[in-house]
Amino acid sequence: MPNPPLLDPIFHQTVRTRLGSLLNAGACSFAELKTRLGVTDGNLDAHLRKLSAAGYLHSRMVVKDRVQTNYSLSPSGKRAFAAYVAGLRAIIGPPRPHHGIADAAMRAAARAKRR
């Protein structure tokens, strides 16, 4: 059996995995990230600094009603997050068919229809 893939330690932390997922989908403001992740200002700032130090983060100041900072993954951040997700999938393996209660109920319903 081959060794499991090495996972990027920057993303291999619950809040940063969720943060990577949000930022991989598109840019978000600090306030939006804080609300969606349910973390404090200081906690979010610490995680954003980790991503930034790794070169995985872009930030941009925008003016809407007020000045706010929008964050997104850098190209290297997108590649690193994609590799992280691929590593998780390799560890988990392919989906397996479920043969549980729901499947048994569906088979019973199919048999009943044939009668």
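Modeller: It is an open sheet of 3 strands, in the order 1-3-2, with antiparallel pairing. Two strands pair if DSSP finds at least two bridges between them. The edge strands are strand 1 (28-29) and strand 2 (57-63), and each pairs on one side only.

Biologist: What kind of model is this, and how are things counted?

Modeller: This is a predicted model, where local features need pLDDT of at least 70, side-chain atom pairs count only at pLDDT 80 or more, and totals for chains, interfaces and linings use all residues. Residues are numbered from 1 along each chain as its sequence is written, and side-chain values use heavy atoms, with hydrogens and water left out.

Biologist: And which elements does the protein have?

Modeller: The protein has 5 helices and 3 strands. From the N terminus they run α-β-α-α-β-β-α-α. Helices (H or I, at least four residues) and strands (E, at least two) are DSSP runs, numbered from the N terminus.

Biologist: Back to the sheet. How many bridges join strand 2 to strand 3?

Modeller: 7 bridges, and the two strands run antiparallel. A hairpin of 3 residues joins strand 2 to strand 3. Arginine 60 has asparagine 70 of strand 3 as its bridge partner. Serine 59 stands opposite tyrosine 71, also in strand 3.

Biologist: What is threonine 69 in contact with?

Modeller: Leaving aside neighbours within four places in sequence, threonine 69 is in contact with Cys28, Ser29, Phe30, Ser59, Arg60 and Met61. Contact means heavy atoms within 4.5 Å. Serine 29 is 40 residues away along the chain from threonine 69, yet their C-alpha atoms are separated by 5.6 Å.

Biologist: Switching to helix 4. What is its end-to-end span?

Modeller: Its end C-alpha atoms are 26 Å apart. That agrees with expectation, because the 18 residues of helix 4 (residues 75-92) should span 26 Å at 1.5 Å a residue. The expected span is 1.5 Å times one less than the number of residues.

Biologist: Which residues of helix 4 are buried?

Modeller: Gly77, Ala80, Phe81, Tyr84 and Gly87. They cover an arc of only 120 degrees around the axis, so they sit on the same side of helix 4. The arc is that of the directions from the helix axis to the C-beta atoms.

Biologist: Why would that spacing work in general?

Modeller: An α-helix has 3.6 residues a turn, so residues three or four places apart point the same way.

Biologist: What's on the other face, and what covers the buried one?

Modeller: The face turned away from the buried side carries the exposed residues Pro75, Arg79, Arg89 and Ala90. The cover over the buried residues of helix 4 includes helix 1 (14-25) and strand 3. After helix 4 comes glycine 93, with a positive phi near 90 degrees.

Biologist: How does helix 1 sit on the sheet?

Modeller: Helix 1 lies across strand 1, strand 2 and strand 3, at about 100 degrees to strand 3. Axes are lines fitted to C-alpha atoms, for helices over the stretch in contact, and angles run from 0 to 180 degrees between N-to-C directions.

Biologist: Last one, the core. Which residues touch the most other members?

Modeller: Phe11, Leu19, Leu23 and Leu33, out of 20 residues in the largest nonpolar core. Helix 1 gives this core its largest share, 4 residues. A nonpolar core is a set of buried Ala, Val, Leu, Ile, Met, Phe, Trp, Tyr and Cys residues joined through side-chain atoms within 4.5 Å.

Methods: Buried < 20%, exposed > 50% of the residue type's maximum accessible area, 1.4 Å probe, protein only.
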